[in-house]
Amino acid sequence: MSTLSADASKSDSILEYFHLIGKLKTQKRTGWVERGIPSPESVADHMYRMAMMAMLGDVCDDSLDFQKCVQMAIVHDMPEAIVGDISPAQKVPKAEKHEREASALRTITSLLPEHKRSHMSDLWYEYEKGETPEARFVKDLDKLEMLVQAFEYEEANDDKNLDAFFVNKVEQIKNPILQQVVQELQRRRIGAGRVTESSKGSTS
């Protein structure tokens, strides 16, 4: 293959990658759609704020590689460009969900040069396993970003009470600084009369 043909092929693949990940900008977060939230956020919206939150990784824990956390936050939901945002209500078995997303990841990263393919794949699998400090922290951010968004939707929609999100997720956040953020969030929800008895224990 000539250099010109090789460059054209690489450009085609990169452009296809741009188009593919661009679908995350219009892929709505399924949990909000299921609850009738008007104009719900996209997956890209969620990932962007997570990445900005991850910039504070070394503030929350000075042993963390915050740059890695930022990259992981950007990559963690990338397969949803193909498979969509699979919610618990869809009752897809965990192993099947993982395989669907892993297959989508392979499709997306196949468009990239080998070193980028490996880097993004490694970040995604590290996040999925949740064994490293960075992966655990980013998983905390995933939950926290959702709780912050739930609070904002409650504030914007008087007829919406999203307490179920807090009941199931608050206690799963482990980073001490992020726990304090959640406690402040819950105090504000109590002030707004939005916290039920089942989630009041999360404010202590």
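Visitor: Which residues are exposed on the other side of α11?

Guide: In this predicted model, Arg188 and Gly191 are exposed on that other side of α11. The term exposed requires a relative accessible area over 50%.

Visitor: How do you know that the span of helix α11 agrees with its number of residues?

Guide: Helix α11 covers residues 176-191, and its 16 residues, at 1.5 Å a residue, should span 22 Å. The end C-alpha atoms are 23 Å apart, which agrees with that expectation.

Visitor: What makes the buried residues of α11 line one face of the helix?

Guide: The buried residues are Leu178, Val182, Leu185, Gln186 and Arg189. Viewed down the axis of α11, they fall within an arc of 100 degrees, so they line one face. These buried residues pack against α4 (57-60), α9 (133-156) and α10 (163-169).

Visitor: Why is Thr30 called buried?

Guide: Thr30 has a relative accessible area of 12%. Buried means under 20%, so Thr30 qualifies. Thr30 is found in helix α2 (residues 30-34). Leaving aside neighbours within four places in sequence, Thr30 is in contact with Asp85, Ser87 and Gln90.

Definitions and conventions. Residues numbered from 1 in each chain as written. Predicted model: local features only at pLDDT ≥ 70, side-chain atom pairs only at ≥ 80, totals over all residues. Heavy atoms only, no water. Helix = DSSP H or I, 4+ residues; strand = E, 2+ residues; numbered from the N terminus. Expected span 1.5 Å × (residues − 1). Buried < 20%, exposed > 50% of the residue type's maximum accessible area, 1.4 Å probe, protein only. Arc of directions from axis to C-beta. Contact = heavy atoms within 4.5 Å.
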